[in-house]
Amino acid sequence: MKRSSLPNWIPSYLILFFTLALAVSIAFVKERSWIFMALLALDVVFCVMNRKYFSHSMVVVVRTLFALVFIFSSLSKGVDPLGTQYVIHDYLEAYDLPWLTGLSLFGSFLLNLVEFMVGVLLLFNIRFKYTVWFAGLMMAFFTVVTFFDAVAEPVPDCGCFGKALVITNWQTFYKNIILDAFVLVLLFSCSRIGSRKPKWVEWTISLAAMLLFLGFEYYNYRYLPVVNFLDWKEGVRLFPENPEPVRHYLTYRDKRTGEETEYLMEECPFGDPAWMENHEFVSRRDFDPNPRTANINILEKMDEEDPGYDITRSLLEQERPLILVAVHDLEAADGKGVEKTAAFVRKAREAGYECCFLTASAMAQAEAFKALYGLEDFPFYFADDTAVKAVIRSNPGIVLIKDAYVLNLWDWRRLPAFEEVVPASR
């Protein structure tokens, strides 16, 4: 049977189903797979070969799916513009462009807005030809970037869906190839797709979408995200209630043969003098099988040279209500916010709450910060910058914890009166 005798919708939807099957399969292919990349390349080739046979209904489906992916991606980042800023900052550092890091926040707002507007314009079929060409240029750029990320891994998490959906760098690259196939379908169909909307309708939809999204981003930037996709969120327990025991492994080398063997500590033959004489200790490995929401190591330090003592569990699992003030950068903290927070923690301590500060700044900065705001009586603990930023998107921000449960979080701008907090945490 000749190809021309087939209805147009048959090859169109065969390609669409094949593309969607590959898109679903990305969830199961987290690392490099030459077979999967070959299938993705084959999908792109099919799109080029069948460019004259795309049915109108198939193009509408592809346009809608592509638009929804862009809208979802922009919303998942727009709900946490500071998180996107941190990712952009990491990219600029990785690509040796530190002089541009000051524009990270602007880049976050702009990137999220552009992505959202492309999705909206495609969804409502506004300026289809220009929007598709612009989307094609975006996808070409990000496909190259994400391929380099997947191979070299300069940044561990591209943040393409914010924290709403975290995928590996290879999965991000595969996802972009799928979107490239969709873009090709739309590009080859530009001459057949038009819009009958009046210009004033198109302008109204475009301006309304832009203003609403900018307002959405700004609200999430100024306050906390309206939907919290971070690990630290209200109601979450930071450690499992009935933890499995941590397993300790020891590696010993046979002095006679040089062979190294790893033993579970409880099974290591310490009681055999002959064995002990013929073996020497090499290394120790600890394995914690328990899921850990609190992906942070909180350290107590005595001085700058002290590597610190890990107090994470003892601090967060205590029965006494804990007010944890996270200030990832002491020098950049808002002065008004610090004063407001300091007044809050002073009242909390008087009421019997445990209160402490958590920062990623150096100890010398912490000492200067204490003296400046009269916080000498409060303990300051330290953690990695990325981990502190993941606690709360506010500098400073307050987290109320009891028995390892996160009871509430507040940015300093909407910090309630302490009297409003007491009944909820007792």
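Here are some exercises on a predicted model, each with a worked solution.

Residue numbers start at 1 along each chain as its sequence is written. Local features need pLDDT of at least 70, side-chain atom pairs count only at pLDDT 80 or more, totals for chains, interfaces and linings use all residues, and side-chain values use heavy atoms, with hydrogens and water left out.

**Exercise 1: strand E6**

Work out which strands pair with E6, and in which sense.

Step 1. Start with the naming: helices (H or I, at least four residues) and strands (E, at least two) are DSSP runs, numbered from the N terminus. E6 covers residues 322-327.

Step 2. Look for partners, remembering that two strands pair if DSSP finds at least two bridges between them. E7 runs parallel to E6, with six bridges joining them. On the other count, E9 (residues 397-402) pairs with E6 in the antiparallel sense over five bridges.

Step 3. Pick out residue partners. Ile323 sits opposite Cys355 in E7, and Ile323 also stands opposite Leu400 in E9. Val325 has Phe357 of E7 as its bridge partner.

Step 4. Check burial, where buried means under 20% relative accessible area, exposed over 50%, and partly exposed in between (1.4 Å probe, protein chains only). Leu322, Leu324 and Ala326 on one side of E6 are buried, and so are Ile323, Val325 and Val327 on the other. Six of the six residues of E6 are buried, so the strand is largely enclosed by the rest of the structure.

**Exercise 2: strand E7 and its crossovers**

Follow the chain into and out of E7, and say why this strand is largely enclosed.

Step 1. Six of the six residues of E7 (residues 354-359) are buried, so the rest of the structure largely encloses this strand. Glu354, Cys356 and Leu358 point one way, while Cys355, Phe357 and Thr359 point the other.

Step 2. Coming in, the chain goes from E6 through helix H11 (residues 335-350) to E7, a right-handed β-α-β crossover. Right-handed here means that, with the strands pointing away from the viewer, the path from the first strand over the helix to the second runs clockwise.

Step 3. Going out, E7 and E8 (residues 380-382) run parallel and are joined by three bridges. Leu358 faces Tyr381 in E8. The chain gets from E7 to E8 through helix H12 (residues 363-373), and this β-α-β crossover is right-handed.

**Exercise 3: cysteines**

Find out how many disulfides the structure holds, then explain the case of Cys158.

Step 1. Apply the cut-off: a disulfide is a pair of cysteine sulfur atoms within 2.5 Å. The count is zero.

Step 2. For Cys158, the closest cysteine sulfur is in Cys160, 3.6 Å away, which is too far for a bond.

Step 3. Cys158 counts as buried at 11% relative accessibility, and Cys268 counts as buried at 7%.

**Exercise 4: pockets and the cavity**

Step 1. Set the rules. On a 1 Å grid over the protein atoms alone, a cavity is a set of points where a 1.4 Å probe fits but cannot get out; a pocket is an open set with protein on both sides within 12 Å along at least five of seven lines; lining residues have an atom within 4 Å of a point.

Step 2. Helix H4 (81-94) is one of the elements giving two or more residues, and H4 supplies the largest share, eight residues.

Step 3. Of its 30 lining residues, Ile88, Tyr91, Leu111, Phe141 and Phe142 lie nearest the centre. Helix H6 (128-152) is among the contributing elements, and the largest share, seven residues, comes from H6.
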